[in-house]
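Good morning, and thank you for coming.

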Amino acid sequence: MIQHTPGPWTCYTTGLDDDGSRLARMVLITGPAFNRRGMGLAVADARLIAAAPDLLAEAQANAAYMTAIIGALPPVRRAAIQIRIRETRAAIAKATGGTP
């Protein structure tokens, strides 16, 4: 199975009308495989894009769960979980355009 284009992927908004509403959205995909794109790679990218809403929902649920249980963990485990929470929230912010 062909793997998707490695990151980073960047999303730019273009074609704004006078009131700032979007007319079009363009996704620029950057990475080592960019110049060797083929149909297999495009399909792999499409699968990843199609899975994105589910992946985001799982990341949000995992961040909420880890936040809820962190107080019950032994102190030696909390630091590692705090790092996972921070990194998960950063990924969520990247996906939603928010701040971590």
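Ile81 is buried, because its relative accessible area is 13%; buried means under 20%, exposed means over 50%, and partly exposed lies in between, with a 1.4 Å probe and protein chains only. Ile81 is located in helix α2. Helices here are DSSP runs of H or I with at least four residues, strands are runs of E with at least two, and both are numbered from the N terminus.

Before I continue, a word on the basis of these values. This is a predicted model, in which local features need pLDDT of at least 70 and side-chain atom pairs count only at pLDDT 80 or more, while totals for chains, interfaces and linings use all residues. Residues are numbered from 1 along each chain as its sequence is written, and side-chain values use heavy atoms, with hydrogens and water left out.

Which residues does Ile81 touch, not counting those up to four places away in sequence? They are Met66, Ile70 and Leu73, where contact means heavy atoms within 4.5 Å. Ile70 is eleven residues from Ile81 along the chain, and their C-alpha atoms are separated by 7.1 Å.

These residues lead us to the largest nonpolar core, whose five members are Met66, Ile70, Leu73, Ile81 and Ile85. Such a core is a set of buried Ala, Val, Leu, Ile, Met, Phe, Trp, Tyr and Cys residues joined through side-chain atoms within 4.5 Å. In soluble globular proteins, nonpolar side chains tend to be buried together. Met66 is in contact with Ile81, Arg84, Ile85 and Thr88, its neighbours within four places in sequence being left aside.

Let us turn to Thr88, which also lies in helix α2, residues 75–96. Thr88 counts as buried because its relative accessibility is 14%. Beyond its neighbours within four places in sequence, Thr88 is in contact with Ala59, Ala63 and Met66. A polar atom of the Thr88 side chain lies 2.7 Å from the backbone oxygen of Arg84.

How many salt bridges does a search of the whole structure find? The search finds one, a salt bridge being a side-chain nitrogen of Lys or Arg within 4 Å of a carboxyl oxygen of Asp or Glu. Glu87 forms a salt bridge with Arg84, and their closest N and O atoms are 2.5 Å apart. The two residues are separated by about one helical turn, because they stand three residues apart in helix α2. Glu87 counts as partly exposed at 41% relative accessibility, and Arg84 is partly exposed with a relative accessible area of 44%.

In helix α1, residues 39–69, we find Arg47. Arg47 is partly exposed, with a relative accessible area of 40%. Its C-alpha atom is 9.8 Å from that of Gln3, 44 residues away in sequence.

I close with the protein as a whole. It comprises two helices and two strands, in the order β-β-α-α from the N terminus. Of its 100 residues, 16% count as buried. Finally, the mean pLDDT is 78, and 65% of the residues reach 70 or more; pLDDT is the predictor's confidence in each residue, from 0 to 100.

How values were computed
A polar contact is a pair of N or O atoms within 3.5 Å; within protein, one must be able to donate a hydrogen and the other to accept it, and residues adjacent in sequence count only if both atoms are side-chain atoms.
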